[in-house]
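Biologist: I am new to this structure. Please take a close look at one part of the surface, then lead me on from there.

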Amino acid sequence: MASYDVIIIGSGPGGYVCAIRCAQLGLKTACVEGRETLGGTCLNVGCIPSKALLHASHQLHEAQHNFETMGLKGKAPTVDWAQMQAYKNDVIGQNTKGIEFLFKKNKVDWIKGWASIPEKGAVKVGDDTHTAKHIIIASGSEPASLPGVEIDEQMVVTSTGALSLPKVPKKMVVIGAGVIGLELGSVYARLGAEVTVLEYLDQITPGIDTEVARSFRSLLKKQGLEIITGAAVQGTETLKTKVKTTYTLRKDDSEHQVDADVVLVATGRKPHTSGLGLDGLGVEMTKRGQIAVDAHYKTNVEGLYAIGDVIEGPMLAHKAEDEGMAIAEMLAGQAGHVNYDVIPGVIYTHPEVAAVGKSEDSLKEAGRAYKVGKFSFMGNGRAKANFAADGFVKILADAETDRILGAHIIGPAAGELIHEICVAMEFGAAAEDLARTCHAHPTYSEAVREAALACGDGPIHS
């Protein structure tokens, strides 16, 4: 039995960042993790491995479609799936070992095993019980499924199984046109699979700017993804060599079936809190099964806190990281803070999609007067040279003050470009501030400046 200032349950982005920051601020800290490796879903079976496969499959696309145009001639590469998996696993290993190194460097104790909280101030792992002044739940989330869809992680898979399929399927059905479904669907489409995406709603990527979603869908269709919206999946039937997926179209209630080698269930995620003993402690939960917390991440149980996917808000690794930093600083007597109005979201397809702040839809709904500055990557020299001229930057600014309210980018390196706008919003900048900032030429980021110019007297290159 050991005694700590802080014990964090879960070593995903929220948990490990929180643990490191707590230790840096002088708190005796331990982190409990039951996996063989640190990093949680994100590093092991989420963000990191999916980015490795997205990168590899995009390089294949470039070789197949653009190399010859640039004078790079020769046979297009073939896919060695086993080697691609080995590359992906090496990327995972480098990152998870990196967290282990950081724990040692910062003197964070890794308590190996699955945690439960038998009573206030105590964490049980295996046969050992440890005490702490503060316990932080950062246990993350797990895939959600649908009635009639039985996941076996072989033919009907979640994102976890989809990252490690034994071979590239000839046909894949993706249930859900959100971030995970479209990222992994695009990976397998590039690798040669025939991909059909079924989405219950009438628009892909729920919650994203409507204009961006329309453009995104069109570009994915060009890449070979068949996307059926308004499709209510009734269930799946696993046969010897294929899976039948039955769905009805909401517009006319007509029933349809589609066969595939693999079905990827990407219908969102739910908080992972089972086994922690929260019922016995009397921890208050929300109607959606999240842990209820106040503005300081406190639960209704003294000394117990929660961050990340187990509480309300977007299930994003960087949101969890920010909350981990904030609660660590609060426990150390500082003023931790998260600005929930400036949390970017990114879809790492090609082109990438990124957004921060308000969308046009939300501004219209609120009745707020705003102006739009928009610039197409067709007018960007770097994008044209790199076969990346699809998409645009859109900046939304207050009609009177010119203050930036939000931004939406679909195009090359959108996930990097969005952060210029995030920083501007943190400082309360106006679109004119961006427009008057010198941007290097030729860069993709010039498109951001041009969109800012479009909020005023107009862009130069369109």
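Modeller: F387 counts as partly exposed, because its relative accessibility is 33%. Here buried means under 20% relative accessible area, exposed means over 50%, and partly exposed lies in between (1.4 Å probe, protein chains only). The areas come from the Shrake-Rupley method with a 1.4 Å probe, and for residues only the protein chains shown count as cover. This is a predicted model: local features need pLDDT of at least 70, side-chain atom pairs count only at pLDDT 80 or more, and totals for chains, interfaces and linings use all residues. Residues are numbered from 1 along each chain as its sequence is written, and side-chain values use heavy atoms, with hydrogens and water left out.

F387 sits in the loop between α11 (381–385) and β21 (392–398). Helices (H or I, at least four residues) and strands (E, at least two) are DSSP runs, numbered from the N terminus. Together with F67, M70 and L72, F387 makes a nonpolar surface patch of about 340 Å². Patches take residues with over 30% relative accessible area and no salt bridge; like charges are joined within 9 Å, and nonpolar side chains (Val, Leu, Ile, Met, Phe, Trp, Tyr) within 5 Å.

The loop of F387 runs up to β21. K394 meets D209 in a salt bridge, 2.9 Å from N to O. D209 lies in the loop between β10 (194–199) and α7 (210–222) and K394 in strand β21, so the pair ties together parts 185 residues apart in sequence. Both D209 and K394 are buried. A salt bridge is a side-chain nitrogen of Lys or Arg within 4 Å of a carboxyl oxygen of Asp or Glu. Side chains of opposite charge can pair when their charged atoms come close. The pair also belongs to a network of salt bridges that links D209, E211, E360, K374 and K394.

The whole structure has 15 salt bridges. One of them joins D259 to K244, with the closest N and O atoms 3.4 Å apart. D259 is in strand β14 (residues 255–260) and K244 in strand β13 (residues 243–249), so this pair ties together parts 15 residues apart in sequence. D259 is partly exposed, at 28% relative accessibility. Another joins R436 and E432, whose closest N and O atoms are 2.6 Å apart. R436 is exposed at 66%, and E432 is partly exposed at 42%.

Now the backbone. Most residues other than glycine have a negative phi, and most peptide bonds are trans. The bond from H350 to P351 is cis, with omega near 0°. P351 lies in the loop between β18 (345–347) and β19 (352–357). A cis bond also joins H441 and P442, with omega about -5°. P442 is in the loop between α13 (431–435) and α14 (446–454).

K107 is in the loop between α4 and β3 (109–112). K107 is exposed, with a relative accessible area of 69%. Y297 lies in the loop between α8 (278–281) and β17 (304–306). Y297 counts as buried, at 5% relative accessibility.
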